[in-house]
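Trainee: Could you take me through one part of this model up close, and then show me how some of the other pieces pack?

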Amino acid sequence: MSDPTVVRHADRVLRVAQGMTAEGPAALSESIGDSWRRCVRDYSLDPVRVYSPAVISTGDLRGRQVQHEQLIQIASAEMDSLYDQICGSGYALLLTDASGVILCEKIDSTLKSLFRSAGLLIGADWSELHEGTNGIGTCISVDRPVTVHRTEHFRARHIGLSCSGAPIHDPSGSLLAVLDASTVDARDTRASQAHTMALVNMSAQLIEKCIFLQHHHTTNIVRFHARPELVNLLHDGSLALAMDGTVIAADAMAVRLLATHGRNDLVGRAFDEIFDTRIEDLLAPASLARQALWPLRDAHLGRRYFASLHMGGSPPSHAPVPHMSTVHVPTGRVPVSRASQTHAPQARTSLARGPTDTSTSANHARATASPRPATNSRPAARRAPPARVSRTLTFEELAGNDPYMASLVRKASRVADSTLPVLIQGPTGSGKECFARAMHAASPRESHAFVAVNCAALPETLIESELFGYGPGAFTGAKKEGRKGKIVQSSGGTLFLDEIGDMPLLLQTRLLRVLEEQEVIPLGAETGVAVDLRVICASNRDLRELITAGEFREDLYYRLNGIMLELPSLAARTDKDVLIRRFLAEERGTTDEDSIDAAALACLTEHTWPGNIRELRNVIRSAFAICDDNVIRLSDLPAQLSAAREADASYSTREEHTTVPTDPLARAEREALLGAIRASRGNLCHTAKQLGISRNSLYRKLKRHGIAVSRVDGLSVRNGPDH
């Protein structure tokens with residue numbers, strides 16, 4: 001210990017640990033002083049002793065990386081964006097779990113040896129317990145952004161480092177990870193680290209926001225802010241809602257904007273207890289059609305906010321997963337699961353669940369992945385459902401016990417080995433992408449990428465570059481090295497084009513040429529790239545009608561329609577009860593039949609499910625989120641389900657006691673009205689739409705035939721189009 005710098009540092013650390021005033025060129029912050037005292041008093045660390053880096057075993061590391069696979073996928077895209085801003089400055093980006101173990105990194109290859117010698121390597125534990133005061137460990141201890149600059153480190157061997165760490169929380173608010181920017185040769189002042197800290201903190205907040213939105217992508221989410229221009233951006237507040245409008249989750253910004261003490265002050269409360277607006281008003285068809293921001297007021301203090309509503313549904317899936325080689329995970333240390341090989345969630349999608357944007361600003365940077373289960377933030381009586389593991393369903397699971405689905409599966413399995421293009425038709429929410437994934441998994445292309453592109457979710461200005469890619473400098477804002485498009489990414493695997501009917505006509509022409517020539521020319525490039533394509537398309541629209549209307553190319557239709565598979569609506573399936581019990585088992589993680597009572601099960605079985613399988617999953621998931629004792633009861637289901645059931649019974653009773661007209665035409669019209677009302681579960685808007693008449697005309701006909709509408713009026717809770 002002859003180095004005078006080391007001696008001075010050790011003396012300063014021990015003086016602070018003993019409660020004395022720190023001596024040195026700069027004042028010591030309270031958080032650093034507290035950390036030094038923890039290191040001495042709680043961890044018995046020696047600031048001078050040279051400890052070997054605490055690196056966990058390969059097996060333990062592999063387990064942690066698999067456990068946090070979705071986190072790594074989300075964070076890697078943002079780490080790429082952040083690194084573009086700090087590259088060349090000598091910094092590395094590190095992502096750790098909540099215990100401080102480094103899971104992945106983004107680092108200049110020429111600097112790796114320097115960081116390794118400092119102990120900053122994948123698998124190393126940088127908690128305070130092992131490494132003393134540092135940007136990662138101290139961030140974990142205080143659960144807030146921290147910069148630890150040079151001599152603020154506890155251990156003398158780290159006084160050349162500068163580290164800025166920011167916490168990332170899971171959807172329940174528990175610490176999930178730390179994003180850190182570190183340099184091993186810090187020569188700037190501490191004040192100069194403020195910019196780096198701000199960038200790291202903003203990226204961490206963005207990752208946290210994306211994790212929240214992805215975790216709750218199947219539920220309705222209200223996003224709000226006092227300033228309308230900030231809604232749907234990084235700093236808005238987000239509330240995830242159950243089907244009945246009960247808050248099931250709130251992010252950190254929602255807590256901050258509403259000035260509550262914590263998330264538990266919001267979770268479990270009805271939406272109209274927090275704001276002066278009912279969730280039904282936002283869900284009304286006129287509101288949904290406007291796609292605007294709604295003014296709200298805090299129900300307690302009257303503060304004004306602006307809000308947008310994002311309907312629950314399938315996660316966006318129209319961009320590649322960031323490759324693990326981009327954010328380094330050592331080869332041979334962690335296996336990439338089949339799910340991550342085949343599932344291609346959006347690497348850069350809007351925080352507003354809107355169209356993809358190529359902006360690189362921090363408020364628009366994007367990263368998504370399959371949802372990571374959150375720890376429970378609800379009261380004990382409302383336990384969170386167990387962790388769900390995203391996986392590709394097999395043909396047998398998709399077929400269930402339904403004869404028609406079994407026949408579709410037989411057809412699909414016979415063509416799975418071929419490159420014959422497949423067109424999957426079916427209503428929204430019927431499982432078209434699940435079916436496409438099953439075909440991919442059953443094919444020889446299983447080990448290659450399944451790349452999904454939602455043609456309806458991408459704006460026309462971006463879909464061309466997303467599909468075909470672009471060369472270096474193709475347009476302003478383009479990456480200097482260019483970018484592979486989805487078509488090239490899917491080469492050797494499967495390209496899934498969802499909502500193909502919404503593809504612009506100009507791009508239909510380009511797609512047809514690619515399919516015929518098996519070659520794609522990126523934007524701004526002069527030479528083509530050979531591709532090996534297997535294309536599966538899907539649409540809930542009748543493409544032949546679009547051809548007649550001049551909105552879809554007939555030659556492309558015949559090129560894509562090698563075989564057509566038409567999925568049934570959930571109402572048409574004969575195995576609804578089997579599907580319901582399977583979804584119940586998946587949500588609860590057990591096959592215990594006591595997870596739902598008889599009345600609730602009957603209600604689920606008898607409902608027509610206009611939103612199909614997606615709606616059924618959402619209802620079950622939301623019911624589990626708010627039910628008591630992990631048992632779903634009728635009161636846990638959305639009001640419209642039980643009301644629709646009562647309407648059927650009410651109509652059956654009234655039908656028995658109403659005089660039937662003797663005139664054949666009048667009797668036929670009356671029967672048609674009753675049949676349409678039953679099919680619409682008492683929803684007059686849907687009934688009128690089905691019959692092709694106005695609602696006023698429907699009322700006149702009901703009155704003329706003596707069909708009571710008092711009970712029906714109370715059922716008009718779904719006046720808009722199904723989603």
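Predicted model: local features only at pLDDT ≥ 70, side-chain atom pairs only at ≥ 80, totals over all residues.

Mentor: Strand 1 covers residues 91-97, and its pairing with strand 2 is antiparallel, over four bridges. Within that pairing, Leu94 stands opposite Glu105 of strand 2. Strand 2 itself, residues 102-106, is mostly covered, with five of its five residues buried.

Now for the helix packing. Helix 1 (residues 4-17) and helix 2 (residues 30-42) have axes that come within 8 Å and cross at roughly 90 degrees. An angle from 65 to 115 degrees counts as roughly perpendicular, so that's the label for helix 1 and helix 2. On the helix 1 side, the contact is made by His9, Arg12, Val13, Leu14, Val16 and Ala17, while helix 2 brings Gly33, Trp36, Arg37, Val40 and Arg41. Sorted by class, that contact has six nonpolar, two polar and three charged residues.

Further along, helix 22 (residues 576-588) packs against helix 24 (residues 612-626) at about 45 degrees, and their axes are 10 Å apart. That angle makes helix 22 oblique to helix 24, and the crossing is right-handed. From helix 22 you get Ile580, Phe583, Leu584, Glu586, Glu587 and Arg588, meeting Ile613, Leu616, Arg617, Ile620, Arg621 and Phe624 of helix 24. The class tally for helix 22 with helix 24 is seven nonpolar, no polar and five charged residues.

Terms used
Residues numbered from 1 in each chain as written. Heavy atoms only, no water. Axes fitted to C-alpha atoms, helices over the stretch in contact; angles between N-to-C directions. Helix = DSSP H or I, 4+ residues; strand = E, 2+ residues; numbered from the N terminus. Parallel < 35°, antiparallel > 145°, perpendicular 65-115°, else oblique. Contact = heavy atoms within 4.5 Å. Nonpolar A, V, L, I, M, F, W, Y, C, P; charged D, E, K, R; others polar. Buried < 20%, exposed > 50% of the residue type's maximum accessible area, 1.4 Å probe, protein only. Pairing = 2+ DSSP bridges. Left-handed = near helix turned anticlockwise from the far one by under 90°.
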